Amino acid sequence: MQRLDTPLFHTIGEAADSLDRPCYAVGGCVRDFFLERPSKDLDFVTVGSGIELAEVVAARLGRKTHLTVFRNFGTAQVKRHDAELEFVGARKESYNRGSRKPVVEDGTLEEDLSRRDFTVNALALRINRKGFGELVDLFGGLDDMRKGILRTPLDPDVTFSDDPLRMMRAIRFATQLGFEIWPETFEAIKRNAGRISIISKERIIDELMKIMKSAVPSIGWKLLAASGLLSLIFPELAAMKGVQVVAGRGHKDNFYHTLAVLDNVAAKSDNVWLRWAALMHDIAKPVTKRWDEKTGWTFHNHNFIGAKMVPRIFRAMRLPQDQKMKYVAKLVELHMRPISLVEDEVTDSAVRRLINDAGDDLEDLMTLCEADITSKNKEKVLRILDNFALVRRKMVDLNERDEIRNLQPPVDGHEIMEIFGISGGPVIGLIKSGIKNAILDGRIGATDREAALKLMYELAAENGLTPKNQ
């Protein structure tokens with residue numbers, strides 16, 4: 001394999017040969033080699049001490065190589081500028097039902113591969129000189145990869161009960177790789193969903209962040225909902241699912257609408273916090289939903305209430321409590337404002353208030369609002385987008401005018417008083433206003449001092465002023 005045939009892998013193989021040890025690249029890096037995906041984190045298994053092998057590798061790689069040993073775990077990490085290498089001895093594991101921390105013992109390569117989460121991650125490539133590049137595939141992982149299937153090497157109920165985080169990882173891999181979770185494997189996730197309670201919120205949010213950074217994050221959220229995990233890890237989002245009908249009138253399914261908005265944003269922006277804002281923009285609709293005999297279903301003030309829900313949700317999910325949280329809350333609160341401008345007359349004052357309230361996040365807000373248009377009525381979508389374009393043009397025009405308006409004219413009040421030998425009075429304001437209006441009207445340039453002075457003398461003469469030196 002070409003990606004394996006590098007000086008780094010040969011150096012590691014030579015280090016293993018010097019100890020007379022078999023050594024294999026394993027896990028995600030091997031999977032990514034076959035999928036032709038980048039992989040900087042490289043995992044290696046040897047039969048024997050992984051720490052001893054790491055020490056020899058670090059010595060051979062020389063300067064600018066950093067070795068970290070984790071003796072309690074029997075692992076070691078070698079870092080250099082282009083890669084992170086993890087070394088461990090082959091092992092087998094057994095679990096206590098109340099914890100995902102295994103009891104670890106030395107084992108064979110076969111036992112080590114069998115404890116891995118999915119067959120596509122249970123591949124090993126030999127890197128010793130003898131047999132360099134040979135693939136060990138005990139569970140059909142390569143064939144599963146070609147078919148785009150995620151399944152466990154052993155009984156999925158045991159796999160997920162032992163380490164419930166693997167359920168989140170299955171959904172994350174399905175989202176990132178576009179793979180299908182094997183039906184038997186997915187049914188086991190549904191059966192074991194309740195076991196997620198022993199996993200820390202920090203581990204869960206790590207997986208959710210990887211889902212959110214994927215090209216099509218809705219895949220993961222749909223799988224979380226279908227598996228029963230969503231209601232356990234994000235009940236506020238799960239509450240959005242479903243349609244209620246009264247008097248023959250239903251509302252759109254806010255869960256699937258939200259995921260459509262999320263994917264629309266993801267197609268335009270890599271900003272993960274803008275994606276979180278998309279996921280939460282209608283989060284208060286379940287708690288604000290009311291039936292009105294005249295108007296039908298209403299969700300009054302869901303944007304304001306949703307913004308107040310954001311800090312509590314961020315705390316519960318162990319998301320950051322800093323400017324990122326405030327950014328998401330702000331976009332949730334403001335997401336109805338641009339559409340109200342579209343539906344009403346687009347006045348300067350309303351647009352100016354929106355510019356002021358959104359501040360530096362204005363463009364992100366507009367991206368979110370345009371993504372929020374998920375109607376299947378193409379004419380309606382085009383009409384709203386045209387109106388959004390009008391709002392954007394209004395913003396540009398206002399910004400340009402306000403920028404000019406905020407510029408200080410080339411001649412200020414102190415200079416006028418000095419030139420004409422006066423200590424103040426309304427005439428100073430008249431002259432300054434005259435110069436500013438000339439700039440706004442485009443009759444003189446904003447930085448054209450010569451033209452501004454000429455106009456100053458003209459306006460002063462009209463008001464009976466003469467320079468003090470005449």
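View 1. Ile305 is partly exposed, with a relative accessible area of 34% (buried means under 20%, exposed over 50%, partly exposed in between; 1.4 Å probe, protein chains only). Ile305 belongs to helix H16, residues 302-317 (helices are DSSP runs of H or I, at least four residues, and strands are runs of E, at least two, numbered from the N terminus). The model is predicted: local features need pLDDT of at least 70, side-chain atom pairs count only at pLDDT 80 or more, and totals for chains, interfaces and linings use all residues. Residues are numbered from 1 along each chain as its sequence is written, and side-chain values use heavy atoms, leaving out hydrogens and water.

**View 2. Phe118 meets Phe173.** The ring centres of Phe118 and Phe173 are 6.0 Å apart and the planes stand at 90°, so this pair is edge-to-face (rings of Phe, Tyr and Trp, its six-membered ring, pair if their centres lie within 6.5 Å; planes under 30 degrees apart are stacked, over 60 edge-to-face, the rest tilted). Phe118 sits in the loop between helix H4 (109-114) and strand E8 (123-126). Phe173 sits in helix H7, residues 165-177. The pair therefore ties together parts 55 residues apart in sequence. Phe118 is buried, at 0% relative accessible area. Phe173 is buried too, at 3%.

**View 3. Phe255 and Tyr256.** This aromatic pair is edge-to-face: 5.1 Å centre to centre, with 80° between the planes. Phe255 is buried, with a relative accessible area of 0%. Tyr256 is partly exposed, at 39% relative accessibility.

**View 4. A ring cluster.** Ring pairs link Phe9, Phe33, Phe44 and Phe87.
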